[in-house]
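Thanks for making time for this one.

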Amino acid sequence: MGDKRPRSFYILAAFFSAYVLFLYGPMIAIYILSFQGPDGGLTFPMNGVSLTWFGKVFSGGGIVDIGAAFKRSLALGLVVMVITVVLSVAAGMAFRKPFRGASMLFYTAIASLIMPSIITSLGIALEFRLVDDFINKHAADYGLGWLAEGHTTAMGLFTSGLGAHLTWTLPFGLLIMFAIFNRFDGRLEEAARDLGATPWQTFRHVVLPIILPSVVGIGLFGFTLSWDELARSSQAIGSVNTLPLELQGLTTTVTKPDIYALGTLTSAVSFVVIFAALSVILVLQARQRRQGSDAGKGMV
Amino acid sequence: MAVTIDNSPDTIAPAESTLRKLTMRSIAWLQAGPMMLVFALFFLLPLVLVVVVSAWDYNEYEMIPAFSFRGYTDTFEGCVANLPELCTILKTYLKTLKLCLLTWSLTLLIGFWVAYFLAFHVRSKTWQIVLSLLCTIPFWTSNVIRMIAWIPLLGRNGLVNQGLVGAGFINKPVEWLLFSEFSVVLALVHLFTFFMVVPIFNSMIRIDKRLIEAAYDAGASGWQTLVNIVIPLSKPGIVIGSIFVITIVMGDFVTIGVMGGQQIASAGKIIEARLSALQFPAAAANAVILLGITIIIISALTRIVDVRKEL
């Protein structure tokens, strides 16, 4: 194939640009509109520029306690991120050896990924409801009366909510691990073993530094997917709401641009996390290139 | 599937080797165990409970652990009696399938060409990564916000209406742009084309470029190369992407709720409605029906191509 771009390149490049515009255009519109003047409405034109609506969000301004939801989502996102990273890396390592149940775990993860969210959410809600019913009716029979005392529900942010989020983030983590180890040179581990490294040393000093950029990627998926998760949490979060749930609730009632301001703030958190993760990945990769191999550099 | 088998030469004595294998196996179990536990507790057990509870009885305020098909019979109420008129559940499923089909064909069309451009026309690795990231970043941001984002564009006084009125195409703003099936499909395509792009790109990037050159040298036109080489070899990606999009849309209730102004019924929304009425067995029965239909669609799709080989 020659160096001159064929005509199809320009057509497809235009198509791709249109797609990117389609992806980002609407989002940019609400970022701009969140700076709407005090008398401005939900649509263009801008009626002056102000921070009024951000102020409304921070002061509560009549709408639900956003600050609390913000903190809850942040805390849950961080916990989900840590658990996703640890469990995915561990399971990814397990898949490098044959073990009974390997394919079962794999198919379960895939099923969890493509299961319609409402079904997972309903199932978790049912599970916790049955547990609650059981505690309320029978805990006393087993001398666990203290458990039933004042018991309302076992459902909550860090029980059912956390579980619901993990069913969504863990499959991504596992698939990323598969992608990593597909390209991983197993001889490096053998070399480490031959040099007398213990399994832990092999992991800590050989495997981990190589896979670290992708592990950061798993963390990125873990946090952002949890931070934005809605469908699976919807029935399984208990009495308090996460930020996306509050936002969804607001769509039917709010008629002022404060919902855009909240949207801008939420996206800002996402973008900060994405930017931080990508920077870390770039730095790690650059370091690997610098220190990774001394092949072809003569004697060092 | 990335299961690698350690086949380092067995120079160790048999007994010792068996011991080593046992240790390795238990280490693998320890490593995979926590993830298995999470899936068992928050995915498999809940699924089993959905199936079990779907066959329970219920009244206005609680479920009764006694065998009953009430959840199912209530769901299909009027389906036989009112024939040939379609009952609510069938109408709802037909509507969901229609939305699903529309979204699927649009995401496939857009996703295919986006992936094609990225895989075959972007030549430098760096640009490939940058442009792929550009497509991925919205996926890491909130879906609800990406739905809300259509309001200033499609609303009654939105940009589109302003533009159309301004250009003289219409006299007064059109209403069907927002809170309609149109806006639902638009938002679904907007949100989920990504799930089509990634697997198709993944399949395309693995196509040996020499095959395409060979076709070119043998005198095939661009179109012939596309139909006879690129599309068949991208089929696994197309199928995986389709499974993603179809399962998401079949169970969706958030996008259809927000973008449909809570007015459009869907398979997912039935379950949500039953749940908010605390009719757990009825909700579970609907979930089982939805699950059944989804499984039928997926197995039909996997007939076309052996997906397992591709992961």
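What we have here is a predicted model, and I will start with the contact between the chains, to which chain A brings 75 residues and chain B brings 78 residues. On the side of chain A that touches chain B, the elements giving two or more residues are helix 1 (7–33), helix 3 (66–94), helix 4 (102–114), helix 5 (117–138), helix 7 (157–182), helix 10 (243–251) and helix 11 (258–291) of chain A. Of these, helix 1 of chain A gives the most, with 16 residues. If we sort the residues on that side of chain A by class, we find 49 nonpolar, 20 polar and 6 charged.

Let me stay with chain A for a moment. Chain A has 11 helices and 0 strands, so that its pattern along the sequence reads α-α-α-α-α-α-α-α-α-α-α. Its radius of gyration is 25 Å, whereas the globule rule gives 19 Å for 300 residues, and chain A is therefore more spread out than a compact globule. The C-alpha trace of chain A spans about 75 × 70 × 35 Å along its principal axes. Of the 300 residues in chain A, 40% are buried, and, among contacts with a separation of 6 or more, 77% join residues 24 or more positions apart.

Turning to chain B, we count 13 helices and 2 strands. Buried residues make up 40% of the 311 in chain B, and residues 24 or more positions apart account for 67% of its contacts with a separation of 6 or more.

Now to one helix pair within chain B. How are helix 8 and helix 10 of chain B oriented to each other? The axes of helix 8 (residues 181–205) and helix 10 (residues 222–251) of chain B come within 7 Å and cross at roughly 155 degrees, which makes the two helices of chain B roughly antiparallel. The crossing of helix 8 of chain B past helix 10 of chain B is right-handed. Residues making this contact include Phe192(B), Phe195(B) and Met196(B) from helix 8 of chain B, and Ile240(B), Phe244(B) and Ile248(B) from helix 10 of chain B. By class, the contact between these helices has 15 nonpolar, 5 polar and no charged residues.

Key
Residues are numbered from 1 along each chain as its sequence is written. Chains are lettered from A and ligands numbered from 1 in the order in which they are written. This is a predicted model: local features need pLDDT of at least 70, side-chain atom pairs count only at pLDDT 80 or more; totals for chains, interfaces and linings use all residues. Two residues are in contact if their C-beta atoms, placed from the backbone, lie within 7 Å. Helices (H or I, at least four residues) and strands (E, at least two) are DSSP runs, numbered from the N terminus. Ala, Val, Leu, Ile, Met, Phe, Trp, Tyr, Cys and Pro count as nonpolar, Asp, Glu, Lys and Arg as charged, and the others, Gly among them, as polar. Axes are lines fitted to C-alpha atoms, for helices over the stretch in contact, and angles run from 0 to 180 degrees between N-to-C directions. Angles under 35 degrees count as roughly parallel, over 145 as roughly antiparallel, 65 to 115 as roughly perpendicular and the rest as oblique. A crossing is left-handed if the near helix is turned anticlockwise from the far one by less than a right angle, and right-handed if clockwise. A residue is buried if 20 or more other C-beta atoms lie within 10 Å of its own, exposed if 12 or fewer, and partly exposed in between; C-beta atoms are placed from the backbone. The radius of gyration is taken over C-alpha atoms; the globule rule is 2.2 Å times the number of residues to the power 0.38.
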